[in-house]
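Trainee: I would like to learn how to read a few local features from a model. Could you take me through them?

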Amino acid sequence: KGNKNADNDMNNHRQLATLREEISILEKQTTNKLIASMIDAAPHVERALNVLARLDIIFARALFALDYNGVIPEVGDESNIIVKNFVHPVLALDKSISGVVPIDLMLPGPVIVISGPNAGGKTLALKSFGLAACFVKLGIPITVNQIPSKESEVRVDFFENIFVQIGD
């Protein structure tokens, strides 16, 4: 009887070792198949993430427009900027600032010269023109004090290059 139990124990250990080896082989095969599937799916996942990122940007721009009186300007290529009641976007974002005075941006051509006394708002005007032009390049709505009744009140043409020199 002692030999039979020992033989049975030995058989059980061999079977257990064989089963463990088979399980290990199946685990490796399953892992390799999953890795291969992930590698095959990677371009599709990357494409889906790119689409989701684009949608997120579109919805963020739309939400920005709704929250801060953003308007999509008419865009041309004649170097014009016409924005009635422009509000600097940093001032628009800070709801605690009251009494922000909007400005009308009028640029009838490719070159602008602004002159005037110190503390006359020249830098603010230049930065406002630059921001409006940059917002168009980025597809961000232009912040205004009130939504215009006519589309022609907001036009910001596309500028290939934007250069600014401020100071003496």
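Predicted model: local features only at pLDDT ≥ 70, side-chain atom pairs only at ≥ 80, totals over all residues.

Trainee: Let's begin with the backbone. Which value of phi does Asn-69 have?

Mentor: The general idea is that most residues other than glycine have a negative phi. Here, Asn-69 has a positive phi of about 50°, although it is not a glycine. Asn-69 sits in the loop between α1 and β1 (70–71), and at 29% relative accessibility it counts as partly exposed.

Trainee: And what is the phi of Asn-85?

Mentor: Asn-85 also has a positive phi, near 65°. Asn-85 belongs to strand β2 (residues 81–86) and is partly exposed, with a relative accessible area of 24%.

Trainee: Which residues is Ser-128 in contact with, leaving aside neighbours within four places in sequence?

Mentor: Those contacts are Phe-86, His-88, Ile-103 and Leu-105.

Trainee: Finally, which residues form the nonpolar patch on the surface?

Mentor: For a patch, nonpolar side chains are joined within 5 Å. In this model the members are Val-45, Leu-49, Val-51, Leu-52, Leu-55, Ile-58 and Phe-59, with about 680 Å² of accessible area together. Take Phe-59: it is found in helix α1 (residues 2–67). Exposed means over 50% relative accessible area; Phe-59 has 57%, so it counts as exposed.

How values were computed
Residues numbered from 1 in each chain as written. Heavy atoms only, no water. Patch = residues over 30% accessible without salt bridge, like charges linked within 9 Å, V, L, I, M, F, W, Y side chains within 5 Å. Areas by Shrake-Rupley, 256 points an atom, 1.4 Å probe, with all protein chains shown as cover. Salt bridge = Lys/Arg side-chain N within 4 Å of Asp/Glu carboxyl O. Helix = DSSP H or I, 4+ residues; strand = E, 2+ residues; numbered from the N terminus. Buried < 20%, exposed > 50% of the residue type's maximum accessible area, 1.4 Å probe, protein only. Contact = heavy atoms within 4.5 Å.
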